[in-house]
Amino acid sequence: QVQLVESGGGLVQTAESLTLSCAASGSISSIVLMGWYRQAPGNQREEVATITNDGQTKYADAVKGRFTIARDNAKNTLFLQMSSLGPEDTAVYYCTAHALIELMMRQYWGQGTLVAVSS
């Protein structure tokens, strides 16, 4: 099992920056991929950014150049640095981890943290 706890959400104004954190615990060594998703009201959950164990990153087109995903393996923490935020970035942001447990790839989710961007 992997437990994920996000923090750092809040209300910001357009063009401001915000950094989200996700603390992981449990079967850390089984994690092969971590990432951030978001879900805006009335929309489906969408992938924002992912990072592999060897540091390869991938970003959604909507956030490229504005968001940066990073991991601190020593502290078992995932980050999402967000800059140039706009109202379109308003959503609940979820941390996720893919872990190989009992020979099965399982996906775990945090409880989500709300990011609201005012215009």
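Asp-61 is exposed, with a relative accessible area of 66%, where exposed means over 50%, buried under 20% and partly exposed in between, computed with a 1.4 Å probe on protein chains only. Asp-61 forms a salt bridge with Lys-64, and the closest N and O atoms of this pair are 3.2 Å apart; a salt bridge is here a side-chain nitrogen of Lys or Arg within 4 Å of a carboxyl oxygen of Asp or Glu. The model is a predicted one, in which local features need pLDDT of at least 70 and side-chain atom pairs count only at pLDDT 80 or more, while totals for chains, interfaces and linings use all residues. Residues are numbered from 1 along each chain as its sequence is written, and side-chain values use heavy atoms, with hydrogens and water left out.

By this salt-bridge rule the count comes to 6. One of them joins Asp-89 to Arg-66, with the closest N and O atoms 2.8 Å apart. Asp-89 lies in the loop between β8 (77–82) and β9, and Arg-66 in the loop between β6 (57–59) and β7 (67–72), so the pair ties together parts that are 23 residues apart in sequence; strands are DSSP runs (E, at least two residues), numbered from the N terminus. Asp-89 counts as buried at 0% relative accessibility, and Arg-66 is likewise buried, with a relative accessible area of 16%. Both residues belong to a network of salt bridges that also links Arg-38 and Glu-46.

Strand β9 (residues 91–101) and strand β10 (residues 104–109) pair in the antiparallel sense over 6 bridges, pairing being assigned if DSSP finds at least two bridges between two strands. Within this pairing, His-98 stands opposite Gln-107 in β10. The hairpin has 2 residues between its strands, and Glu-102 in the turn has a positive phi of about 55 degrees. The side chain of Glu-102 meets that of Arg-106 in a salt bridge at 3.3 Å, N to O; Glu-102 is exposed, with a relative accessible area of 67%, whereas Arg-106 is partly exposed at 28%.

The strands β7 and β8, already named as neighbours of the loops that hold Arg-66 and Asp-89, also take part in an open sheet of 4 strands with the order β1-β3-β8-β7 and antiparallel pairing. Its edge strands are β1 (2–7) and β7, each of which pairs on one side only. Neighbouring strands of this sheet are turned by 20 degrees against each other on average, direction ignored; the axes are lines fitted to C-alpha atoms, and angles run from 0 to 180 degrees between N-to-C directions. The pairing of β7 with β8 runs over 6 bridges, and here Ala-70 stands opposite Phe-79 in β8.

Finally, Tyr-59 is found in strand β6 and counts as partly exposed at 21% relative accessibility. Leaving aside residues up to four places away in sequence, Tyr-59 touches Val-48, Ala-49, Lys-64, Phe-67, Thr-68 and Ile-69, contact meaning heavy atoms within 4.5 Å. The side chain of Tyr-59 also reaches the backbone nitrogen of Ile-69 at 2.9 Å. By C-alpha positions, Tyr-59 and Gly-112 are 19 Å apart in space and 53 residues apart in sequence.

How values were computed: A polar contact is a pair of N or O atoms within 3.5 Å; within protein, one must be able to donate a hydrogen and the other to accept it, and residues adjacent in sequence count only if both atoms are side-chain atoms.
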